[in-house]
Amino acid sequence: MVSILLLLSLVSFAGEVVGSGSSASDSTVRGPVRGILNAHEYQDKMSSSENTSKVDTLTKKRPKLDGGGTCTPIVKSPVASENMVSTPPVVSQNDEDVSKPSNKCISQSTKRDDYISWDDYFMSVAFLSAMRSKDPSTQVGACIVNPDKRIVGIGYNGFPRGCSDDVLPWARVPKEGGSELDTKYPYVTHAEVNAILNKCSADVVGSTMYVALFPCNECAKVIIQAGIAEVVYMSDKYHDTDSCRASRKMFELSGVKTRQHKPQQRQITIDFGPHLN
Ligand SMILES: [Zn+2]
């Protein structure tokens, strides 16, 4: 069984703001998802030890369908863990329940009531995109949604296009005798910036950005200049840094709303198993 767990953690991430942008030599989000995404693996493994969230894990499998097979994705809720998983790799094009299985439940005459919320859905997309990051210590994703609930931009942290992930350094600190040029920081593009650059619409004015980590001051500038109206973030672990203080100040002055995401369920699972034949 191949499954992906999208865990929406209520706990702050362990990681770093810098390097959480998103981009990579192949910054476009695509390709199959794999493995288990830990909400806090988004952040640095170095600081993952800070994550001490311990939650009860209750799982609830979706009922089997009379029409054959099981509804997917399987949603376990709530799940505990300091991690969060991403979201289905598809974008809804209507206002229906985005997680509703395509194979309709023949024996059920009423709609499902355990579909994921818009906020969980879009935040999960941000987390899923982070799984594309090559950064060994920090993986952050961002998802931009326009006022019509359409996803218009996705990004994750990585090096600029054409800059090989195998050539530039991923280190957080330089080796002895080295300089900042030997770290990832001068080169990494953050998720927020990549999401904006990857937009598939004329602009992102009035849109909402879902991002795993509260934006750093550099990303905040770009978010504001792009006309994004609201930032929904998961972790605010760098709340007391000057970078985040500057971000909050600029967001407040420019009128960009911010709010911390409160997931309705701790874990979302995408199970490829029933479709592997
Ligand atoms: Zn940033």
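The protein chain has an average pLDDT of 74, and 61% of the residues reach a score of at least 70. Over residues 8-100 the pLDDT stays under 50, and the model has 286 contacts beyond four places in sequence for this segment. Where pLDDT is low, predicted coordinates should not be read in detail.

The model contains an open sheet of 5 strands, arranged in the order β3-β2-β4-β5-β6 with mixed pairing. The edges are formed by β3 (151-156) and β6 (257-260); each has a single partner strand, so one side of each is left without a neighbour in the sheet. From one strand to the next, the twist averages 15°. Within the sheet, strand β4 (residues 208-213) pairs with strand β5 (residues 230-235) in the parallel sense, over 5 bridges. In this pairing, Met209 stands opposite Val231 in β5. Helix α1 (residues 118-130) packs on the sheet, where it touches β2 (141-145), β3, β4 and β5. The direction of α1 makes about 140° with that of β2.

A further packing arrangement involves helix α3 (residues 217-226) and helix α4 (residues 242-254), whose axes lie 8 Å apart at an angle of about 15°. Because angles under 35 degrees count as roughly parallel, α3 and α4 are therefore roughly parallel to each other. The crossing of α3 past α4 is right-handed. On the α3 side, the contact is made by Asn217, Ala220, Lys221 and Ile224. These residues meet Ser243, Ala246, Ser247, Met250, Phe251 and Ser254 in α4. Classified by residue type, the contact of α3 with α4 has 5 nonpolar, 4 polar and 1 charged residues.

Methods
Residues numbered from 1 in each chain as written. Predicted model: local features only at pLDDT ≥ 70, side-chain atom pairs only at ≥ 80, totals over all residues. Pairing = 2+ DSSP bridges. Helix = DSSP H or I, 4+ residues; strand = E, 2+ residues; numbered from the N terminus. Axes fitted to C-alpha atoms, helices over the stretch in contact; angles between N-to-C directions. Contact = placed C-beta atoms within 7 Å. pLDDT = per-residue confidence, 0-100. Parallel < 35°, antiparallel > 145°, perpendicular 65-115°, else oblique. Left-handed = near helix turned anticlockwise from the far one by under 90°. Nonpolar A, V, L, I, M, F, W, Y, C, P; charged D, E, K, R; others polar.
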